[in-house]
Amino acid sequence: MGDTLAKATLRDSDHIGMWEGALKVAECDHQSQLDARQAEIHSLSEQLATQRRLVEDLRYSYKNERGLEAESVRRWLDDARVFEAEEKRDAAFRSRDRAMAHLWMINELHHAIGIDELKCSCGRRTNGCREWQAMARIVGPLYSWEQKQKERQAAGLPHGLPDEYFGPSFRRAGS
């Protein structure tokens with residue numbers, strides 16, 4: 001504290017340094033969360049692919065070479081394992097939807113604006129916004145997911161759109 005220019009300048013410099021440090025910590029935390037979500041999406045996508053292959057293998061096994069249904073295969077398909085595989089598949093879809101909804105919210109906060117798209121909606125230039133750079137890699141699949149969820153919602157089906165999607169504070173990507 002003090003009333004001299006030197007003391008005031010030093011105080012302001014200390015405050016700026018403190019806030020810059022806090023910002024760096026927040027950015028690192030945010031990047032860690034984003035990396036974890038992307039790893040989760042990758043893992044869930046692999047699980048979903050495995051479940052789809054299992055279902056296709058079961059469907060193929062359902063009929064023998066002549067196209068006749070085998071009673072033992074029918075019983076096997078009706079068994080709890082098929083039900084369990086479907087439950088796991090549905091859980092993977094729900095997990096993917098939750099992860100995509102979180103990525104959608106990040107994209108709402110960090111998307112390119114302007115004609116030349118050199119500025120992020122957070123105020124930084126796109127080449128200086130780590131969040132925008134991370135989201136730029138997945139924005140195509142994200143918008144595709146969003147469109148499918150909007151179609152499901154319009155058809156009255158369960159969808160994975162976050163509650164914030166319908167709020168007044170968010171723009172509607174692709175709308």
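I begin with D90, which is partly exposed at a relative accessibility of 26%. Throughout this talk, buried means under 20% relative accessible area, exposed means over 50%, and partly exposed lies in between, with a 1.4 Å probe and protein chains only.

The model is predicted: local features need pLDDT of at least 70 and side-chain atom pairs count only at pLDDT 80 or more, whereas totals for chains, interfaces and linings use all residues. Residues are numbered from 1 along each chain as its sequence is written, and side-chain values use heavy atoms, with hydrogens and water left out.

D90 forms a salt bridge with R89, and the closest N and O atoms of the pair are 3.0 Å apart. By salt bridge I mean a side-chain nitrogen of Lys or Arg within 4 Å of a carboxyl oxygen of Asp or Glu. R89 is itself partly exposed, at 25% relative accessibility. In general, side chains of opposite charge can pair when their charged atoms come close. Under this rule the model has six salt bridges.

Which residues are linked in a network of salt bridges? They are E27, R124 and E131. E27 pairs with R124, with 3.0 Å between the closest N and O atoms. This pair joins distant parts of the chain, since E27 lies in helix α1 and R124 in the loop between β2 (119-120) and α4, 97 residues apart. Helices (H or I, at least four residues) and strands (E, at least two) are DSSP runs, numbered from the N terminus. R124 also forms a salt bridge with E131, where the closest N and O atoms are 3.1 Å apart.

R124, by comparison, is partly exposed, at 28%. Leaving aside neighbours within four places in sequence, E27 is in contact (heavy atoms within 4.5 Å) with R124, R130 and E131.

I turn now to the nonpolar core. The term denotes a set of buried Ala, Val, Leu, Ile, Met, Phe, Trp, Tyr and Cys residues joined through side-chain atoms within 4.5 Å. The largest such core has 15 residues, and those with the most contacts inside it include L34, M100, W104 and W145. Two or more residues come from each of α1 (5-62), α3 (80-109), α4 (130-136) and α5 (139-154). Helix α3 gives the most, with seven residues. Apart from neighbours within four places in sequence, L34 is in contact with L103, I106, A134 and M135.

The C-alpha atoms of E108 and Y165 are 9.4 Å apart, although 57 residues separate the two along the chain.

The last element is α5. The expected span of a helix is 1.5 Å times one less than its number of residues. For the 16 residues of α5 this gives 22 Å, which agrees with the 22 Å between its end C-alpha atoms. Which residues of α5 are buried? They are L142, W145, E146, Q149 and K150. After α5 comes G156, whose phi is positive, near 80°.
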